[in-house]
Amino acid sequence: MSTLAVAKKDFQDALRSRALWGLSVLFILLSLFIAYAFAEFTTEMGIEEQTAEGLAYFLASQIGLFVSVTAIVIAYKAIAGERESGSIKILLSLPHTRRDVLLGKVLGRSATLAVPTLIGLAAGAALGSVLMGEFAVVALGALLAMSLLFVVTYISIVVGLSALTGSTSRASMLTIGYFLVFEFLWGAVSFGVVWLMNGFSLPSEMPNWVFLVNQVPPSAAFTTGLTALMPGDIPAATDPDFQAFYATPWLGLVILAFWLVVPLAIGYWRFSKADI
Amino acid sequence: MAAIETNGLHKRYGGDILALDGIDLHVEEGEVFGFLGPNGAGKSTTINILLDFVRPTEGSATVLGMDAQADSQSIRQRTGVLPEGYQVYDRLTGRQHVQFVIDSKDVTADPDALLERVGIPEAGDRTAGGYSKGMKQRLTLAMALVGQPDLLILDEPSTGLDPAGAREIREIVTEEADRGATVFFSSHILEQVEAVCDRVGILRAGELVAVDSIEGLREAAGDGATLRVELATVTDNAIEIVEGVPGVTDVTQRDGGLTVSVGDGSKTAVLSALEDAGHEVTDFRTEETSLEEIFMSYTEGSR
């Protein structure tokens, strides 16, 4: 009850953010454009077969960037901003525990981000399906479900980071730093790990476990996890071609589960002890 | 039963800043208690501990018979709070704010009636970002009143209000007290608590220096007299003579005369001492010590 009251308030509040709607309009237009391009210029783009599953993958390609950037924009101040301005005192004067506040924030901001994400995907899927005359319920359903999980995960990461500090400038550094390291620069980090493990030189052939390292960023885990849920046998670019216990697209879901829980738990641990 | 009880509350920030130095406070149920002190004396820190915003370094606190840390959620269910240094949600309307409290406490109440009661009926549909400071304060008071709480904690409720607004707050405090609620409210201005408080506690530099009724404070301050003496010429010698009179606690020179605080001493003794020494007293009058002076005497350390 308490969590839901916080979530509802937060949803009403965040939904009025102009930055959210600017990014959302961009994302919805992009989804429509992608669906149109996929349906109309299939051969020009060098795609062998036009399928609704292919459309789902195509639409998914924009999710990683949109969700990560928008999650940071709408949630980096979730806790730090309320602490800095003092509105947290209103929130915590009411019978909410700090855990209720954190979970309510994750729920409320996830709902906020889920709205444009689902609208964009549904619009793209509808346009593409109409143009192609083919509608793949399972593939598009898998995409929607996976995108929702991804939205909640990313919001949870950002809220968890936001709970570490009472200053919005520090919260923005934390979240942007996270994005830079785990999304933008992860290719270099991955190389660095291999270089380190190989005794400060690069091997002629990349070891298999690099696959594991490469799945660490949430958006990579999202893409990989999507192939686990997707029907049909379209080999995704990230599919592993070797044998190992971790060489399965389900790894993506495991990694998302990690990101869903761990940063938020650390954020809670710090926030629950803080003087506000 | 005690509505608020603290035992040896200490709070140290960052290792060396001592905000509270052993606060023992006892507020009875149904009482209107004024918590006084200059800014920075530790009033908000005490309140923040009662609400579990801040954890004490030492000591303990109970509110409505429950432990302030372990049972904080149950305490806040039965408490209405107007915190210090808060901010409203700029993008939510007045009604949404009050509704949020109603949802949070899981009670039934009419948001519009509450906004009406605090004098901002027009604020219901407007987002709070455009409110004046006074309107924000009234909105937060409306939120504190939701669900007829057993305890109201109001931290500097008159902040941002004009005198009429401050009076309306006092009226609401009286109404709530008549309903049976305990009201704990802090202020750095004694006048604002004088009319409504059963008792006041005065805080100075993290220590509770006095707890009494207003009348009790007045009595404790002596017969409460200030003597104003106009002299033909004010000399250092005149000041020395007055300072030497038994019972005189303070002498200040102002506009061709002396303002003399006389504790339990005799005022006529001051006058005769001056005249005996050859000073010409052109006029004199006595003034009752104002509450403000009593308050100052506690908080500025001259006692």
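Okay, one definition before we start: two strands count as paired if DSSP finds at least two bridges between them. Keep in mind that what you see here is a predicted model.

Now look at chain B, strand β1, residues 2-13. Five bridges join β1 to strand β4, residues 58-63 of chain B, and the two run antiparallel. To find the spot on screen, go to B:Asn7, which stands opposite B:Ser60 in β4(B).

Next, the domains. Chain B is divided into domain 1, 2-218, and domain 2, 221-299. Taken over C-alpha atoms, their centres are 40 Å apart. Still, the domains do touch: 13 residues of domain 1 of chain B are in contact with eight of domain 2 of chain B. On the domain 1 side of chain B, that surface has eight nonpolar residues, one polar and four charged.

Last stop, the other chain. How many residues of chain B are in contact with chain A? It's 23, and they meet 21 residues of chain A. On the chain B side, α3(B) gives the most, with six residues. That side divides into 11 nonpolar, six polar and six charged residues.

Definitions and conventions. Residues are numbered from 1 along each chain as its sequence is written. Chains are lettered from A and ligands numbered from 1 in the order in which they are written. This is a predicted model: local features need pLDDT of at least 70, side-chain atom pairs count only at pLDDT 80 or more; totals for chains, interfaces and linings use all residues. Two residues are in contact if their C-beta atoms, placed from the backbone, lie within 7 Å. Helices (H or I, at least four residues) and strands (E, at least two) are DSSP runs, numbered from the N terminus. Ala, Val, Leu, Ile, Met, Phe, Trp, Tyr, Cys and Pro count as nonpolar, Asp, Glu, Lys and Arg as charged, and the others, Gly among them, as polar. Domain bounds come from an automatic or database domain assignment.
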